[in-house]
Amino acid sequence: MNKPTSEPAGEAASAPVYVDPLVLEREVKNYGELDRLLKAAPGPAILFEEGPLDGPVRGFGATEKVPAAGEYIVTAACVGATGAAVSVGQEHPGAPFRPVELALDCDGATSQVIALEQGYVFAHLVLTGPVDTPWTGAVGGVRVTEAVPAADEGGR
């Protein structure tokens, strides 16, 4: 069987690639600030995901395995937008599906302690504005870490 050496005509006419050097530069700076915000959360991450909030590809989802049941800290942030939302949760057979949703104002990181069971946790981040917003270089991310046990509370 002979394989074609060039792309078929239908694939060559796919969606245009967006390349705006100013937006790309802004996006790189936004990722730097996002890294600073998310990596300030203590402890090793069991889930860490970042991605664009607008432009040709927007939002993201990630799934990772939770090693043990317990309390975990969800830290989320966005940079370069007016707002975003992150949903974090787990699905369990027979249990109601109720992900935790954090509203982000993109002025800093937002954290919340949630209880997770052993299994898989998902995180999904989306821009809260209209779907036809222009590409600005806005980015967002989420980090899930094990909650640090409280220090000896016997002295209280």
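Analyst: We start with pairing. Two strands pair if DSSP finds at least two bridges between them. Keep in mind that this is a predicted model.

User: What makes β1 and β8 a pair?

Analyst: The cut-off is at least two bridges. Strand β1 (residues 45-52) is joined to β8 by 7 bridges. Therefore the two strands count as paired. They run antiparallel. As one example, G51 stands opposite G140 in β8.

User: How many bridges join β3 to β8?

Analyst: There are 8 bridges between strand β3 (residues 70-79) and β8, and these strands are antiparallel too. Two positions show this: I73 is opposite T145, and V79 is opposite V139.

User: What holds paired strands together in general?

Analyst: Strands of a sheet pair through backbone hydrogen bonds.

User: What is the order of strands in the open sheet?

Analyst: The order is β1-β8-β3-β6, with antiparallel pairing.

User: Why are β1 and β6 called edge strands?

Analyst: Each of them pairs on one side only. Strand β6 covers 110-116. From one strand to the next, the twist averages 15°.

User: Which helix packs on the sheet?

Analyst: Helix α2 (residues 21-38) does, and it touches β1, β3 and β8. Its direction makes about 155° with that of β3.

User: Why is strand β8 called largely enclosed?

Analyst: Count its residues. In strand β8 (residues 139-146), 7 of the 8 residues are buried, so the rest of the structure largely encloses the strand.

User: How do you know that C106 is buried?

Analyst: Buried means under 20% relative accessible area. C106 has 13%, so C106 is buried. This residue sits in the loop between β5 (100-104) and β6.

User: What is the phi of C106?

Analyst: Phi of C106 is near 65°, a positive value in a residue other than glycine. In general, most residues other than glycine have a negative phi.

User: What makes E25 and K29 a salt bridge?

Analyst: The nitrogen and the carboxyl oxygen must be within 4 Å. The closest N and O atoms of E25 and K29 are 3.7 Å apart, so the pair qualifies. Both residues lie in helix α2, 4 residues apart, about one turn of the helix.

User: How many salt bridges does a search of the whole structure find?

Analyst: The search finds 2 salt bridges.

User: Why does E27 have no salt bridge?

Analyst: The nearest side chain of opposite charge, R26, is 9.1 Å away. Leaving aside neighbours within four places in sequence, E27 is in contact with P52, W135, G137 and V139.

User: How many helices and strands does the protein have?

Analyst: The protein has 2 helices and 8 strands. Of its 156 residues, 37% count as buried.

Technical notes: Residues are numbered from 1 along each chain as its sequence is written. This is a predicted model: local features need pLDDT of at least 70, side-chain atom pairs count only at pLDDT 80 or more; totals for chains, interfaces and linings use all residues. Side-chain values use heavy atoms; hydrogens and water are left out. Buried means under 20% relative accessible area, exposed over 50%, partly exposed in between (1.4 Å probe, protein chains only). Axes are lines fitted to C-alpha atoms, for helices over the stretch in contact, and angles run from 0 to 180 degrees between N-to-C directions. Contact means heavy atoms within 4.5 Å. Lys and Arg count as positive and Asp and Glu as negative; His and the chain ends are not counted.
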